[in-house]
Structure formats: structure tokens, C-alpha cells
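This report walks through selected features of two chains, one topic at a time. Please keep the sequence and the model in view while reading.

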Amino acid sequence: MAECIFHTEDITKVYRTGEVEVHALRGVNIELFANEFTVLLGASGSGKSTLLNILGGLDSATSGRAWFKKLELTAMRDRELTRYRRDHVGFVFQFYNLVPSLTARENVSLVTEVAKNPMPPEEALERVGLDHRMDHFPAEMSGGEQQRVAIARAIAKRPEVLLCDEPTGALDSKTGVQVLEALEKINDDLGTTTVVITHNAGIQKMAHRVLFFADGTIADVVVNDTRIEPRDIEW
Amino acid sequence: MRALDKKLVRDIRRLWAQSLAIALVLACGVLAMVMMYGAERSLTGTRDTYYERTRFPDIWSNAARAPKSLVPEIAAIEGVSQVEARITENAVLDIEGLDSPAMGQIISIPASGAPEMSRLILRAGRLPEPGHDREVVIAEAFANAHGFRAGDSFGVTLNGQKREVTITGIVLSPEFIYTIGPGSIFPDDKRFGILWMPEEVLAAAFNLSGAFNSVTLSVTRGTDLEEVKDTLETLLKPYGGSGPYDREAQTSNAFLDGELEQLAVMVQVLPPIFLVITAFLVNMVLGRLIKLEREQIGLLKALGYGRWDISWHYLKLAMGIGAIGVAIGWGTGYWSSMAIARVYGEFFHFPYLVFVQYPAVYALSAVIGLGAAMVGAALAVRKVVMLSPAVAMSPPAPTRFRRGLLDRIIVFFRPGQPTMMILRAIGRWPVRSALTSLGISMSAAMIVAGLFMLDSFDELLDVAFVQVNRQDAMLEFAIPRSEAVLDDVENLPGVMRAEGAFATPARLYHGPRTRTIAIEGRRESNTLARVFDGDSRTEVPPGDGIVLERRLADHLDARVGDVIEVEFLQHDDLRRPVVVTGTVSTFFGLGAYMDQDRLSAMLGQVPQATLANVMIDPAEQDALYEAVKNTPAIAGITLMSQVRSSFDETMAESANISVVIFSFVASLITIGVVYNSARIQLSERARELASLRILGFTKGEVSYILLGELFILVAAAIPLGLWMGYGMAGAMVASFDTDLYSIPLIVTRETYIRAALVVAGASIASALLVRRRIDRMDLVSVMKTRE
């Protein structure tokens, strides 16, 4: 059995916007393992992004506990969470979230400059197949390219986990496949534990493990014995 | 360079229009500070240097005729370091091409060849040779007014004897930085000039051989001026001494001080207000700008940047913008402080300028400017940095609009949806709306505070030249005459009516307070020069007491009904109690008025006149001038129309400089505020407005929603700003009170309208700039960014 990277105990999360209370998570218990490629699948509003944010130290839980290896995330203060994000986690967002005023290389540098043992920005970009676009600004790149820059930025610090929130959500099938290939390659080459949120059910087939979300709870967990290549995914 | 720093540089470049607008607002505040302090410092420094180098005296006194043997006694007074006795007299000047006679004050040059005190600075030519009775040097201002050069000549009537003199040189004197003729209130270099001639020539002409009628003293540092003046007064009393006075009462210095003091008041009041206002605006605008960076801040946090890293990043952005503003302010401030000092320097005829800058002002303005920018940034960043990254990166939750009282009122009127949006936005962010409005009002207030002075001067002119002084001209007698002389005056060609006026130097005492002034004797029947209160616009007859100028009454702390002691300086030991029967605001001088008959009775003499106020028939003006030139008993003539026009010119030169500058800076600030507000509003609501466009709203309708809000805020700001401006004007008027003049608080409707128009114009210009951006809004890309 591989090392357990994340596990949670009865995580709940309640959002209050104005007078409305939204129960995003209603007691979630999961375990995620080292080197695995995990897909979180579910309808919009089922709580998958909320869980990912809590695992990534971007958000706090309302109750329950969550651990990264032996570190209890739910007990950390802001400073420790910053440290945790800086040292262990890479993020990829649906809308890339690149800094528009920085080139591809500089966007990656943004992370390598504060990381402990980063790879050179050039290497990170090479790994996502963008060695020829390093000095372009985000506005000069396609959506798929921008997302791959975001992946390069996320992996450049050699994180133990890579958390991706709908990385292909804004992309068409062709560029979406390129992004997924990049993620798989990172997972294979570097052994980075990868968690991907999607509501594209086709993507589950490339995962080691699939968590099905419904209404703020885990409805099912499926472990795939055989995985398919991204290019074979039906979009 | 670190990636984050590259982002910083590129962010400033991306936001250049707005960065610059913010920087310029700040620059205006810094500019006003550096400029005004620099100019004030430079002028004060120049005056001090000038006075020191030319040995400007500390004490002056005139006498009728004092023997020169008195000089060693004066020099022996404790604390006196230098004494110079001299002769100074008035003279009528006959200058070719001048339609009215000019007056001159003529001063002796000692036999040693040049005055030791109030040293002359030779600008051209040479000083007269001792003993040459037809050589003269003249003051530069007078020379310039007539285009005189060394070698030119003109006519001088000395004690009734007319002679032609030749100009050997042109000089500057520290005693006549301001050259003001008798009865005049402002310089008129064409009709009043200062001349210097060898002492023996004047002594012969005025029968003053071996004697002097004017003395100047310097004292060592730390000497009690009052004691020296008292001793000097005692020494000169037997010789017709008119009472020693110090620098405070020396006309030229008093005017110069008044002018510098006025500048100092403006410096102390306006620039700090400007700077504080701009700091406040920069703080507000920068804060809102940074709030727009919410998502990026969330991203940086997600990437593992700590709070301090992120805060520091935005502080650097703020400092960058602040530094640009401060640098622009410093540069333009330094340059314009020199330019203003130069203009004033020319106005004062300083021989040179000593530029002095105030390092502390530079430092202070930078600290305030950068501080405001950084505090604005820090407050805004702090709020966002406190959010968890997940929250920061998602757009802020829809604002909670509630059905409050305001909303019910709005709904009651059933405006269209766009108007509803405008009104609800204002109601939803009342503090933000109020602050924006307040910022705009402040700029309106600054414009009023700059422009009102012109109104006040108009009022002052009206009181001085229409209400108080209605005479066409003043004829000054060489010595006081009995009032019978007025019949002779009325017989002069062109004189339609003549009224006498009498003035005698006196010292007023009230408790521990004392003041030396001239008391004027007036008759209630006089209509050409009245004792008139400019505030209530009524005549105040002295009755059997004395009427004091309001500021004089303040100095003496005397109220109507109080009894003050009056010591008549030209009459031995004559000291009488007099009741204060009224006060008047005349805006000029520190006058005191008594009934002519009562004053004469008190002095034990028949009513006398020191000058005659006359009405003139314009058709016979030339004949009158000719007659005055040829009448030795008349020392000079002052035309009120010329006094008034020279006053106008002077105002145009000095006060207008400041008025124009302040109005300009205030207008710039207005544009900065309005433009920044509109721009930020546009950024904050870009998505909302783009959505409306996609829903089919026209560009005009969308602009209406954005700019309508701004216009409502401007409309609310203007009346408030005008009201605040009146308050600022009041504060400035209160601090302008000097011995020489005060300023009435008058703000005309035109000024209010002008200020309102500047603000409205700035708003419209900014709106047009923003409107252009709305028109160019790329709908697709706006909607593409994440929700």
C-alpha cells in the first residue's frame, strides 16, 4: 500500500453569503495516496472545489479535520498554511490565473523564486512542451498554452501534490487533451500525487482513483485497474 | 530582477494613465508646498541679506531742525552702534511729458561721498560729486517709470526755487523697496520718486546748514528698541522731533513685511491644506485601485507568498506612484518657487535674489505624500490579504442591496432601471460616495479660496475710493496752514471745492497697550473724505471723542466707551484722556479720527490744515498742475485716480500671481479627483456594464449609469465645496490682518459660479475620457474572465 498523502475526518464547510447559508461539504472522509492520479467528479456545487481548496490550504473547514501526511491542515495558522502551500502544493486553476504582466518564464519564476528546491523555469516549461513559448505574455498564448504555463508554474517547485481545479474546463477537446497529457506526464515522470477536479466524466478513465461527489458528500470511490491515454478520452 | 518586481514595473506601466493621474494629484499638493515655502523663504532671505549688506537702520526719527552737535549725544545712547544724520525734504518735480506734477522725496548724501547707512546700490552711472548743486541720483523704479538714464535731466523745485538737475546715476536703496508717496497707499513710480543730492546743496536750499532734520540709527543685537527710542525722543524734542519709529513703522519695510506676511499666511494655510487634501485623495484612490487586485493577491497567496511579501509588493506600487508624484512636485515646485521669487523680487526691486530652499519642506512633503499613498495601499491590501486565497480568488459575493428607507423613496418615484442602479449604488456605498463627494468639494473650496481675494480687493477699492475718499486729489501743504488757506485753494484754477484735513502724530495709550499713529481732524460736514465704516457702510462721526480703525482698537484692546490717553507728539507734554466714540473698518492703515474743532481746541491752536482734499474740473486739470508746480506752499498733489490705478496694477502684479497659481493647482486637483473616481468606478463595474451592453443596452445608456452616479456626486459636492470655500476664505481674511491693511470677506456670486464651472468642467472632461473607454470596452474579453 502506498503512503497516504491526504486524509480527512468529517470535514464540513458552510458558506454564508448574505443571508444565505450554503452547505458545501457535509462530513467528508477521504484518503488519497502517494503518486496516484485522482479525479474528483461531480456536478457543479457538489463540493469538490471546496474540498480541494481545503486540502490545498486555500480555505478553512467549518468543522472536521484534514491531514497532509502527518501535518494537520485544519490546525494550521495563516503563516503555516503559506509555508505549506509554498513547500508542498502546486495549483492549477480553471482560468489559468497567470499574471498578465509577466511572460511564461516569469510566471514560473514567480514560484521558483520562493521555493526550496525548484527546477529551472525552462525545464518546467519544457516538461509541458512550451520551450518555444517562454518569452510570450499570457495574452499572446492560446488557452491550452496558458494552462500549460500554469501547470509548469505549479510543478516547477517539485511539489508533492498537484491540485487542479477544472484544468480543462475552459478548453476545447484538442487543447484539453494536451493539458491532460502534460499532467499525466508529470505524474509519471515525477511521481507527483495529482488531484484533478472535473465534471467531464470521460477524464475519470485516465485516473488511478475516482471520487464521486454529490451534495457535499462522497457518493462513491472507484479504483481503476486499467487507465486509458488522454488522447483516447471521449470528450 | 525578481518576477514580482517585474510585475510591479509592468503594473505601473499598465496603469500609467491612472498612476499618472494619482501622481499628478499628489504632485499638486507637493508643488504648492515646495513652491510657496521656497518663494517665501527666498524672499525673506533676500530681504535679510539686502538689509544687512546695506546697513538698513533700526530706528528713524525726523526733526524740524536739529544741530549736528546732537549727533555724538545720539551716538552715546546705550546700544546704539551707528548714527547717521541727514536732510530729507519733499520736492515737486517737473518732468517733461508728464501731464501731472510728480512728487519727490529728496535725501542728502553726506560730504564723505556716500551714505554709511541705508547704503545705495549703484545700478548705473556714479554718485553726485560733493558740492555739485545740479547733480542727482534717482531710484531705479522712478528711473524705469520714466525711461531715465544717467545724463538725462528734469526740473526740481527745492523750497520754492526751481532748478534743472542732471541724473548722474541710478540707485537702489533698502529704505525704498516700496516707494509710497504721501497720502498714497500703493507705489506709483511715475509720480513719486526718490532722489539723492549732496548734503551741502540741500542744507543751503532748506536753510539747514550745520543741522539735520532726519536721523537713522542702528543698534547692537539685544538692545531694547523702546529705551533707545525714548531717549532719542527726549533728545530731539526741543528740535521739533516727530517721534522716533522703528522698522515696524518704516513705510517701505512695513509694506514689504505686510506683503511677505501675506505670503507667509498663504504658505501656512493653503499648501498644507492642499497637501492634506491630495494625500487624502491619493489614499482613497490608491486603496480602491488595490482592491481591484483582489484576485491577483489571492493567486500570490495560493502560490505560497506570505502576507508580508504581498503587502510589501503593493506598498512598493504605492511608493512608486507616490515617488513619481513627489518627484514631479519637487521639480515643478523648485522651479516655480524660483519663478515666483523672481517675480516678487522684481516687484520689490531687490538688487539680487538669494534663493533659499527649505530642506525640511521637501522632506515633509515627501513623507506626507508617500505616507498617504502607503497607508492607502496598506489598508486596502490588509483587507484582501486577510481573506483566504480561495475567497480572494473568487469574485466578491454580490453586494447586499437592501430595501431601506432610501430605497423605498427611490422606488416610490419609479425611475427607470438605469437610474435605479445609480441611486442604489450611491445608497449602498454611502461612505465611499460621501468621500468622493468630499474630495470634489475640497477642490471647489480651494478654487473659491483662491479666487475670492479678487472680490475682496474690489470691495476694498470701493470702500477706499468711493465711500471713504471721494476727493479727486489731495494737495499737500509744505507746512500746516490755518484753514483760511482753503479759500486760496478754491481759487486755484480747476478746483471746484476744497476741504481741509489735518493730521498730527500722536501716541495712544490704553492700559499697558500703546501705539503711535497720526490723528486726523475731520469735520462732520466734510464729504470728500469721510470717517466711514466699510463693514456696516455707514459714516461714524467722532462727536466729542475719537473714532479708531477697528484694527487699531484691537491693538489697544479699546472698545466704544473706553477712555484712552492721547499724547500729542509735536506738543510738549500734552496728554489728554479721550473717549472712544466709535470704530470703523477702513481696511487701510491704522487711522484715528477726531472732530477738527475739538482737536484744535485740545491742541490750543486755531484749526489748521495739513492738506486739502479737492474736487477738480477735469477740463482745467492742466492749469491746476501748472499752478501747483509754481506754488511753493504746496508740496505736492496726489490724484486719487492715479492712486487707484496704481493699486489696481499692483494687485494685478502681486496678488494675482498667487490667485492664478492657486486656482490652477486647484483645478488640476479637481480633474485628478474626478478622473480617478470615474476610472476606478469603471474598473470596478466593468463586468456589470459589459453585461448590460450584451443585454442590449446602448453605449449611451451604459455611460449614463456610470457617469450619472459621478454627476450626482459632483452636483452634491459643489454646494458643499462653495460653502467650505467661504469658510476657508474667512480663515484667510482673518489671518491677513496687518497694520497696513486688512481685507474684507467678500465672495461674489461670480466667484462661486466660476468655481462651480471649473469643477463641472473638470468633471465633464473626465467623463468624456472615461466615456471613450466605455465605448471601446471589449465585451467578449470582459465576459471571458472568470466569474
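## Terms and model

Helices (H or I, at least four residues) and strands (E, at least two) are DSSP runs, numbered from the N terminus. Two residues are in contact if their C-beta atoms, placed from the backbone, lie within 7 Å. Axes are lines fitted to C-alpha atoms, for helices over the stretch in contact, and angles run from 0 to 180 degrees between N-to-C directions.

This is a predicted model, in which local features need pLDDT of at least 70 and side-chain atom pairs count only at pLDDT 80 or more, while totals for chains, interfaces and linings use all residues. Residues are numbered from 1 along each chain as its sequence is written, and chains are lettered from A and ligands numbered from 1 in the order in which they are written.

## The sheet of chain A

Chain A holds an open sheet of 6 strands with mixed pairing, in the order β7-β8-β9-β4-β10-β11. Two strands count as paired if DSSP finds at least two bridges between them. The edges of the sheet are β7 (89-92) and β11 (217-223) of chain A; each has a single partner strand, so one side of each is left without a neighbour in the sheet. On average, and with direction ignored, neighbouring strands of this sheet are turned by 15 degrees against each other.

Strands of a sheet pair through backbone hydrogen bonds, either parallel or antiparallel. The pairing of β10(A) (residues 209-214) with β11(A) is antiparallel and covers 6 bridges. Within this pairing, F213(A) has I218(A) of β11(A) as its bridge partner.

Helix α5(A), residues 143-155, has 13 residues. From its first C-alpha to its last it reaches 18 Å, close to the expected 18 Å; the expected span is 1.5 Å times one less than the number of residues.

A residue is buried if 20 or more other C-beta atoms lie within 10 Å of its own, exposed if 12 or fewer, and partly exposed in between, with C-beta atoms placed from the backbone. By this count α5(A) is mostly covered, with 12 of its 13 residues buried. Among them are the charged-type names E145(A), R148(A) and R153(A), along with V149(A) and I151(A). The buried residues of α5(A) pack against β7, α3 (104-112), α4 (121-127), β8 and α6 of chain A.

## Single residues

Most residues other than glycine have a negative phi, and most peptide bonds are trans. N97(A) has a positive phi, near 50 degrees, and sits in the loop between β7 and α3 of chain A. With 24 other C-beta atoms within 10 Å, N97(A) is buried. R55(B) also has a positive phi, near 55 degrees, and is placed in the loop between α2 (16-53) and β1 (59-67) of chain B. R55(B) is partly exposed, with 17 other C-beta atoms within 10 Å.

E80(A) belongs to helix α2 (residues 78-88) of chain A. It counts as partly exposed, having 13 C-beta neighbours inside 10 Å.

## Chain B and its helix α18

Chain B has 24 helices and 22 strands, and 48% of its 787 residues count as buried.

Which residues of helix α18(B) are buried? In this helix, residues 621-629, they are L624(B), Y625(B) and V628(B). Seen down the axis of α18(B), they fall within an arc of 100 degrees (taken over the directions from the helix axis to the C-beta atoms), so they line one face of the helix. They pack against β12 (473-482), β13 (495-510), β21 (608-616) and β22 (634-639) of chain B.

In β22(B), 6 of the 6 residues are buried, so this strand is largely enclosed by the rest of the structure. β22(B) pairs with β12(B) in the antiparallel sense over 5 bridges, and G636(B) in β22(B) stands opposite E476(B).

## Where the chains meet

In the interface, 24 residues of chain B are in contact with 24 residues of chain A. On the chain B side, α1 (3-14), α8 (294-302) and α11 (389-393) each give two or more residues. The most come from α1(B), with 7 residues.
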